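Here is a quick tour of a protein chain and the ligand that goes with it. Have the viewer open while you read.

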Amino acid sequence: MISAASPSVVTQAPQLHRKSKTVLVILAILAGLVGASVALVLAAESGLLGRYAQWRVRVETSRFEFNRLYSQPDPPFEQAPNEFLVRTVRSLPRGAALDIAAGQGRNAVFLAQEGWQVTAFDISDKGLEIASQTARRDGVKLTTFRSSARNFDYGHDRWDLVLLIYAPISYDDPSLMKRICDSVKPGGYVIADTPIAMHQPEDVLPRIFGDLKRGELPTLFPGFTVVSYTESLDTAEWFPQEMLMGRLLAKKR
Ligand SMILES: C[S@@+](CC[C@H](N)C(=O)[O-])C[C@H]1O[C@@H](n2cnc3c(N)ncnc32)[C@H](O)[C@@H]1O
């Protein structure tokens, strides 16, 4: 009896060994992937990568972070439409609207409910999935694209309204800003509500996505009339703190 049981005990050992080897290999691969990602982000932030590679790493890091945020059952940001948008847009004639970096669609769906034909884009597929679900639930039409601000095809004289609400785009990229300006129809509007001087001190840290200097936002829309612009310390809808918020309504001449 003993001799019959012994071989089965002996044959277990190599199996266990193989399993733990497989686990070790998987752990090593995961550690390698995490290490490589951290190294890439550090290299991008320290300027060791080229401009395109830096941008790519930032976009992918943002996509990952925002997908994670939008997947939370109770995300820590305001889910009602932006307060400045709500009180500004009702005086504007309805038409085609573009929501840049629309997130989970709180503003895009609101505009669609108000009778606008809305297109929304964002890098976060999870955000766009929620936006489409909400639009379907509320019985309104919403066109969505997964795209970065840099790659989106804005068109020419196409939009009656462009939204830049907490949109972390490269405001310091003149070619991007020109494409956005050109895409607005004459007589169309830009509504922006965005943090100013978020990454202080500005002269020490390199400017990153979404950074704007004090007084800079209205200067980024040449060919537009500034209908109103304010900068004020306010409770931010996307961050659990007071921030200097820039709020712009500009009309294309
Ligand atoms: C702070 S949230 C604001 C979302 C929405 N505008 C709002 O007010 O609720 C920023 C959004 O920008 C998106 N985003 C970040 N970088 C982007 C880029 N380069 N191009 C397009 N979207 C971007 C993120 O996925 C995220 O949904």
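Buried residues make up 29% of the 253 residues in the protein chain, where buried takes 20 or more other C-beta atoms within 10 Å of a residue's own, C-beta atoms being placed from the backbone. Keep in mind that this is a predicted model: local features need pLDDT of at least 70, side-chain atom pairs count only at pLDDT 80 or more, and totals for chains, interfaces and linings use all residues. Numbering starts from 1 along each chain as its sequence is written.

On to the fold. The chain has 6 helices and 7 strands, counted as DSSP runs (helices H or I, at least four residues; strands E, at least two) and numbered from the N terminus. In sequence order they go α-α-α-β-α-β-α-β-β-α-β-β-β.

Now the ligand. The shell around the ligand has 22 residues (C-beta within 6 Å), with Phe66, Ala101, Gly103, Ser124 and Ala149 the closest.

| Class | Shell residues |
|---|---|
| Nonpolar | 13 residues |
| Polar | 7 residues |

Helix α2 supplies the largest share of the shell, 3 residues.

Key. Ala, Val, Leu, Ile, Met, Phe, Trp, Tyr, Cys and Pro count as nonpolar, Asp, Glu, Lys and Arg as charged, and the others, Gly among them, as polar. A residue is buried if 20 or more other C-beta atoms lie within 10 Å of its own, exposed if 12 or fewer, and partly exposed in between; C-beta atoms are placed from the backbone.
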